[in-house]
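Reader: I'd like a close look at one part of this model. Could you walk me through it in plain words?

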Amino acid sequence: LSGGRGGGVGGKRDKGENPKKTEPEEEEIDIDLNAPETEKAALAIQGKFRRFQKRKQDPSS
């Protein structure tokens with residue numbers, strides 16, 4: 001087996017072909033926005049983000 005990364009027969013590829021650049025299919029995510037765990041997670045994320053923004057503005061603290 002060859003150690004190259006060409007893929008296909010003889011390691012040749014079309015210049016326009018790029019399999020990693022294909023758009024992924026949009027995945028549907030079902031989150032219960034009224035669940036207490038969701039609210040707790042949202043508040044935790046918001047708090048961490050606010051602290052991050054505050055430190056970003058005032059790096060001496």
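Reader: Is phenylalanine 52 buried, partly exposed or exposed, and what is its relative accessible area?

Author: Quick note before we dig in: this is a predicted model, where local features need pLDDT of at least 70, side-chain atom pairs count only at pLDDT 80 or more, and totals for chains, interfaces and linings use all residues. Residues are numbered from 1 along each chain as its sequence is written, and side-chain values use heavy atoms, with hydrogens and water left out.

Phenylalanine 52 is partly exposed, with a relative accessible area of 48%. Buried means under 20% relative accessible area, exposed means over 50%, and partly exposed is in between (1.4 Å probe, protein chains only). Phenylalanine 49 is partly exposed too, with 48% relative accessible area. Both phenylalanine 49 and phenylalanine 52 sit in helix H1, three residues apart, or about one turn of the helix. Helices here are DSSP runs (H or I, at least four residues), while strands (E) need at least two, and numbering goes from the N terminus.

Searching the whole structure turns up one aromatic pair. That pair is phenylalanine 49 with phenylalanine 52, and it's tilted, at 6.4 Å centre to centre and 35° between the planes. For the cut-offs, rings of Phe, Tyr and Trp (its six-membered ring) pair if their centres lie within 6.5 Å; planes under 30 degrees apart are stacked, over 60 edge-to-face, and the rest tilted.

Across the chain's 61 residues, buried ones make up 5%.
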